Amino acid sequence: MALPFLPGNSPNERLGKERFHKSQHFNYSSGVPMLVGSEKPGIGGEHLVGQEIKPKYSVYPIGSGTGLPPWVTFDKQVLCFDAYFQETVPEAQSETYRIRKCKIYFFLEDDTIQVVEPEYKNSGIPQGTLIRRHRIPLPPPNEGQFYNLFHFNINQQMKLHSRTFTVTDCDSFTRNFLTKLGVHVNNPTTVPEDPYSSLREQLKKSMQPLRPYERHDTLKQFLDHDRKVLRFYCFWDDSQSIYVDLRELILHYFLVDDTIEIREVIPPNSGRDKVNKFLRRCRLPKHVPAKVKQPGEITDRTVLNVLTSSTMGNRYILDSLKTGAVHEEFYKDCDLIIGGEVNVWGRRVILADCDDFTKHYYRAKYGIEDFTPLQYKAPPAPKPPRPVPPYNGFGSEEDSLSFCQHLLPKPPRKDFQKFMAKDRYGLDSKVLNFQAKMITADPVDRERVFIISFYLSNDTISVFERPQKNSGVLGGKFLERGRVKKPGQELFKSQLSQYFTAQDLYVGATLCLNSINFQLLDADEYTFKYMEQHAEEFPRANMGIIISKLRSLPEEKQCEIRKFLTLSDPSNTGFIPFESIRSLLLGLDCNLSEHEVLVLGRCFSEREQTQVDVGLMLAVAQDFLKKKAFEEFPKMARAFADHDRHNFSSGWHLLFRFADGDEIDYYAFLAGINWLEHPAPPVMPEDTLKFEVDVGFDGGRAAVKNINYSAFLQDAFSLPSNSSDTSA
């Protein structure tokens, strides 16, 4: 029978409590209010109804006799388990599944797990770290908790991130640690056999060489270990000298011929003279002989003096039994270990450390894992960080950065190699010219024509506006030559800004130059040819990339393209207009740009060469030379005569008119431009403008007329073009 609800009969939950505070979940950090503890308990440090707190720390027992935290007690203590997982191979004939062995490391200090797969030679599988070190949650429905120590045991399966691992064995430290905690460790199990690995092993064992190699072969040693050197950091305890200091040395062991070289590391302001080598490269004997051998006394082969006569001379034979050979032991790679000593002609040199290549060599050949270095000198003081302040707006960013890197500022270094490779050479200008228009709603600005020039030598851009009659806009220089930053970047920052490169300019691209948007409409012939000749630098002009995009289309789409191109040629001439195939390619779902379509058109088209009036060209040349008062025609004749045997040729369009194969008739050329002896009729100003040095945009869409669609289909889709397919 329950007691009545009267004072004194009901239990008081607050009886004996001393803490009634409410947990603080919000706080200010740097003046900003933020959530600092969403998983704190409720009132008085007790959990609220239905509140579950995720474990944050290890479940290990506290070390006996110490009150240290787990991250100190279990520092550098890791449990190692051997495991495997089965992976299906759906698209292989020689195997249907494979067994992949791996190591599971459990770090006791913070409950983190790392899974590493050892690398096997010629496996063809990316191996190494499969799961990086972090805390792994349990599979559903316990995804709010994490794996801890008591979830591990041998001969059981574990699901780590949707991949099932089977634990087969562990090392001795792991077994002893789990046993001390009271965990019954199961017996180890075997790893299933991988059928494909077994097949590869049987094939390898069945190979019997017809002529086996000798083990002791100097040529084989040279081929296997050429340019491979073991490096040890050592010191010489010269305590018997009057200075009593340590001499720091570097020992080089050459695997190609088992020789040793020692160099001394002389610190600055040490008062010692710098020498080239502490020990020259040679084979170092283990025991110092009482008397140093003379040159030629130690040889690989010895001879026996059979006959000595003053009249008949001396007779020698080789000593095949090596009865007179001198046997002497020299240091090998197996004698060099960290902490060991090397007797360098009576000097006691101690090996303290080695480089990464040396560690890998000893780990692979001798199975050595302990490479703990000897501390024989104080560690160097850490260098203070040198953060770069943000750009302040004065000068260029590169110039301002030099004030932070050097006490005496230096001018920014330019890429001299790029300048020499991409600078103008003769008639090769190394300048990419594009025709562009503004992207604006103003009807006057939409009709303005611009020429955007990109200089490959230093990645600078200049914009020139073509003058147009009765347009109301003055033409000329629109943008001074210089590097242009890409839009959308922060001005005052520590990192250097990004600038437009040559890969950002192509037909159809949109450029934002100083807050003005330009659309590139066309390019000149030189630009197209340069980008096609350097296709590895310009992906938009790479035919291999363009063809791969077309071949990525499904087969149904390819058949539709083939039928459309065949129907566009009713007379079966093999050619169709470029505009027809251009609209087709731009409408495909393979992300082809306008520049890539033009490159395809140039590749499969027959372009007509425009004919130029040679007489008018000579008249313009004479008018130009007459205005410049040029009269040195005899000197030009002598200069041409000097190069008569060297196949003098140039890239001028006028010189090509007097070319006969690879040679030029310079007599006719000089007679044509000599305005003193053979004056030409006067020319009009509009005739002079025809041959002015300008950018001719006749290599793009205007030059591509008809497309050979049969060759296009053959190269793009490997399909022949037949008129009989139109009935399909």
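Does N269 count as buried, partly exposed or exposed? N269 counts as exposed, because its relative accessibility is 84%. Here buried means under 20% relative accessible area, exposed means over 50%, and partly exposed lies in between (1.4 Å probe, protein chains only). You can find N269 in the loop between β11 (259–264) and β12 (279–282). Its phi is near 60 degrees, a positive value in a residue other than glycine.

Before we go on, a word about what you are looking at. This is a predicted model, in which local features need pLDDT of at least 70 and side-chain atom pairs count only at pLDDT 80 or more, while totals for chains, interfaces and linings use all residues. Residues are numbered from 1 along each chain as its sequence is written, and side-chain values use heavy atoms, with hydrogens and water left out.

Now step back to the whole protein. It has 19 helices and 26 strands; these are DSSP runs numbered from the N terminus, with helices being H or I of at least four residues and strands E of at least two. Of its 728 residues, 31% count as buried. The accessible surface comes to about 49800 Å², and 53% of that belongs to carbon and sulfur atoms. Such areas come from the Shrake-Rupley method with a 1.4 Å probe, and for residues only the protein chains shown count as cover.

Two other loops are worth a visit. The loop between β7 and β8 (163–170) holds H161. H161 is not a glycine, yet it has a positive phi of about 55 degrees. H161 is partly exposed, with a relative accessible area of 44%.

For a contrast, turn to N433 in strand β17 (residues 431–438). With 9% relative accessibility, N433 counts as buried. Its side chain makes a polar contact with the side chain of S453 at 2.7 Å. A polar contact is a pair of N or O atoms within 3.5 Å; within protein, one must be able to donate a hydrogen and the other to accept it, and residues adjacent in sequence count only if both atoms are side-chain atoms.

Next comes helix α10 (residues 543–551). At its start, a side-chain oxygen of N542 reaches to within 3.0 Å of the backbone nitrogen of G544. Within α10, I546, I547 and L550 are buried. They lie on the same side of the helix because they cover an arc of only 95 degrees around the axis, taken from the directions from the helix axis to the C-beta atoms. Among the elements that cover them are α11 (555–567) and α19 (709–717).

In soluble globular proteins, nonpolar side chains tend to be buried together. A nonpolar core is a set of buried Ala, Val, Leu, Ile, Met, Phe, Trp, Tyr and Cys residues joined through side-chain atoms within 4.5 Å. The largest one here has 54 residues, and L550 is among those that touch the most other members. Helix α19 gives the most to this core, with five residues. Apart from it lies another core of 27 residues, among them F74 and M158.

Note on methods:
Contact means heavy atoms within 4.5 Å.
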